[in-house]
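Good morning, and thank you for the time on the agenda. I shall take you through one model, from its confidence to its fold and then to its helix.

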Amino acid sequence: MESGNRAGVSVRWTPTLFPRERISPGALVTLGDESSHHARVVRLDVGDAVRLTNGAGTLATGMIERMGRENVGVPHAHSWRVPAPPRL
């Protein structure tokens, strides 16, 4: 009898982090204190995949390049804009 997880299927959670600085194509995004703290709490490490968002419609994906006590560096590989939802 199988448990609740399908045999052979691995599901990986990709955390979303909120950098304070602008997300620009190809740039290294340095996360501030709060997002860096979150990355450490969920035990992220160099090489882990993350999503970035500015909360205003820009999304990006990347991998952690460096982890420091005060900040985390993420060069993002791909970014895109998401249109605002319709007003209610």
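**Confidence, fold and helix**

In this protein, confidence is lowest in strand 6, with a mean of 83, and highest in strand 3 (residues 49-53), at 91. The score here is pLDDT, the predictor's confidence in each residue on a scale from 0 to 100. Over the protein the mean pLDDT is 82, and 88% of the residues reach 70 or more. Where pLDDT is low, the predicted coordinates should not be read in detail.

Residues are numbered from 1 along each chain as its sequence is written, and side-chain values use heavy atoms, with hydrogens and water left out.

I turn to the fold. The protein has 1 helix and 6 strands, arranged along the sequence as β-β-α-β-β-β-β. Helices (H or I, at least four residues) and strands (E, at least two) are DSSP runs, numbered from the N terminus.

Which strands pair with strand 6? Strand 2 is joined to strand 6 by 4 bridges, and the two run antiparallel; pairing requires that DSSP find at least two bridges between the strands. Within strand 6, Val-72 is the residue opposite Leu-31. Strand 4 (residues 58-63) is also antiparallel to strand 6, with 5 bridges, and here Thr-61 faces His-78. Strand 5 is joined to strand 6 by 2 bridges, again antiparallel, and Arg-66 has Gly-73 as its bridge partner. Strands 5 and 6 form a hairpin, with 4 residues between them.

Now to the helix. Which residues of helix 1 are buried? They are Ser-35, Ser-36 and Ala-39. These residues lie on the same side of helix 1 because they cover an arc of only 100° around the axis, the arc being that of the directions from the helix axis to the C-beta atoms. Buried means under 20% relative accessible area, exposed over 50%, and partly exposed in between (1.4 Å probe, protein chains only). On the face turned away from the buried side, helix 1 carries the exposed residues Glu-34 and Val-41. The cover over the buried residues of helix 1 includes strand 1 (16-17), strand 2 (28-31), strand 5 (66-67) and strand 6 (72-81).

Let us take Ser-35 individually. Ser-35 sits in helix 1, which spans residues 33-41, and its relative accessibility is 10%, so Ser-35 counts as buried. Setting aside neighbours within four places in sequence, Ser-35 is in contact (heavy atoms within 4.5 Å) with Leu-17, Phe-18 and Pro-19.

Just after helix 1 comes Arg-43, with a positive phi of about 60°. Most residues other than glycine have a negative phi. Arg-43 belongs to the loop between helix 1 and strand 3. Is Arg-43 buried or exposed? Its relative accessibility is 73%, so Arg-43 counts as exposed.

I close with the overall values. Of the 88 residues, 27% count as buried. Among contacts in the protein with a separation of 6 or more, 48% come from residues 24 or more positions apart.

Note on methods: This is a predicted model: local features need pLDDT of at least 70, side-chain atom pairs count only at pLDDT 80 or more; totals for chains, interfaces and linings use all residues.
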